[in-house]
Amino acid sequence: MKTASKIKEVVKKKASKKSPVRLVDFPVNVKKPSKAVLTQSKEVTAKQVKEVIEMGLDTMNIEKSMTDVIVRDFDNRDGNDSLLTIELNELFKNGDERKVTKVKKWVKTRLQTLIKNPSVQDRLLGEKVKEQQITVKKVTKPMVENAEGIYLDNFNESDLGQFKTIRISKVKEELTIAEELLKWMRSKKSEGLFTGDKTQVKDIDCYDLEAVIAIAESIKKNGL
């Protein structure tokens, strides 16, 4: 607080004399943040290292079994529901908070990672793997609206927040020049070139085309 007062005092004096404020005019007795101190970790034993390797091998075997069950579950799903998604929805609805938190982390860090594995995608999608990808996720509003058309399944409001098997298109649609322009205008929403939301991407009234025309005319007249 004292330092702040001194700074204000220096600025005030300099302003009254109409002389520039220099760094040397400020107090230099400000404490610098202390550097992080590296601490030496406790040494591990050869036994602990061997145990880590064994646990790694066990984990590989467990995940191999998990992957096999996941693939068979996907193969026998009913639409976008499988035994796995049904169980996850039941757990998130009625499970205790502590377990739900752990399962949420498992879904994000392990389950979705296992499914994303190229070999698993090949087994689940076959020849379509070049055009699609598949996963397990909670249905969100963008999936229901599907404004960009990237989701290959139809979801509705009643599916929101529910785990489903989700197929996503990897094929990038060839856009016309007009579509590319509108896409660029949507990216400039903060500058007012697009005033709509994701459900209004095809509503031309939400685009400030007059502003774009004015920019083009200015470039034509004055150059860049």
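Buried means under 20% relative accessible area, exposed means over 50%, and partly exposed lies in between, with a 1.4 Å probe and protein chains only. The model is predicted, so local features need pLDDT of at least 70 and side-chain atom pairs count only at pLDDT 80 or more, while totals for chains, interfaces and linings use all residues. Residues are numbered from 1 along each chain as its sequence is written, and side-chain values use heavy atoms, with hydrogens and water left out.

**Figure 1. Overview of the secondary structure and burial of the protein.** The protein contains eight helices and two strands. Helices (H or I, at least four residues) and strands (E, at least two) are DSSP runs, numbered from the N terminus. Along the sequence they follow the pattern α-α-α-α-α-β-α-β-α-α. Of the 224 residues in the protein, 24% are buried. Contact means heavy atoms within 4.5 Å. Among the contacts with a separation of 6 or more, 48% are between residues 24 or more positions apart.

**Figure 2. Helix α5 and its buried residues.** Helix α5 spans residues 118-125, and V120, Q121, L124 and L125 are buried in it. Seen down the axis of α5, these buried residues fall within an arc of 110°, so they line one face of the helix. The arc is that of the directions from the helix axis to the C-beta atoms. An α-helix has 3.6 residues a turn, so residues three or four places apart point the same way. The packing partners of the buried residues of α5 are α2 (46-75), α4 (97-116) and β1 (132-138). After α5 comes G126, with a positive phi near 60°.

**Figure 3. The largest nonpolar core.** A nonpolar core is a set of buried Ala, Val, Leu, Ile, Met, Phe, Trp, Tyr and Cys residues joined through side-chain atoms within 4.5 Å. The largest one has 20 residues, and those with the most contacts inside it are F74, L88, L111, I115, L124 and V136. Two or more residues of this core come from each of α2, α3, α4, α5 and β1. Helix α4 gives the largest share, six residues. Another core, of eight residues, lies apart from this one and includes M185, L193, F194 and V212. Not counting residues up to four places away in sequence, I115 touches I70, F74, V120, Q121, L124, I134, T135 and V136.

**Figure 4. The second largest pocket and its lining.** On a 1 Å grid over the protein atoms alone, a cavity is a set of points where a 1.4 Å probe fits but cannot get out, whereas a pocket is an open set with protein on both sides within 12 Å along at least five of seven lines; lining residues have an atom within 4 Å of a point. The second largest pocket holds about 160 Å³ of space. Grid points are joined across faces, edges and corners, and the volume is the space filled by probe spheres set on the points. Its lining consists of Q112, I115, K116, Q121, Q133, I134, T135, K137 and I168. At least two lining residues come from each of α4 and β1, and β1 supplies the largest share, four residues. By type, three lining residues are nonpolar, four polar and two charged. Ala, Val, Leu, Ile, Met, Phe, Trp, Tyr, Cys and Pro count as nonpolar, Asp, Glu, Lys and Arg as charged, and the others, Gly among them, as polar.

**Figure 5. T135 and T113.** T135 is in strand β1 and is buried, at 9% relative accessibility. Leaving aside neighbours within four places in sequence, T135 is in contact with F74, Q112, I115, K164, T165 and I166. T113 is in helix α4 and is partly exposed, with a relative accessible area of 40%.

**Figure 6. T85 in helix α3.** Helix α3 covers residues 83-94 and contains T85. T85 is buried, with a relative accessible area of 0%. Beyond residues up to four places away in sequence, T85 touches N80, V136, F163, K164 and T165.

**Figure 7. L209 in helix α8.** L209 lies in helix α8, residues 209-222, and counts as partly exposed at 31% relative accessibility. Not counting residues up to four places away in sequence, L209 touches L182, M185 and I204. L209 and L181 are 28 residues apart in sequence and 9.9 Å apart in space, C-alpha to C-alpha.
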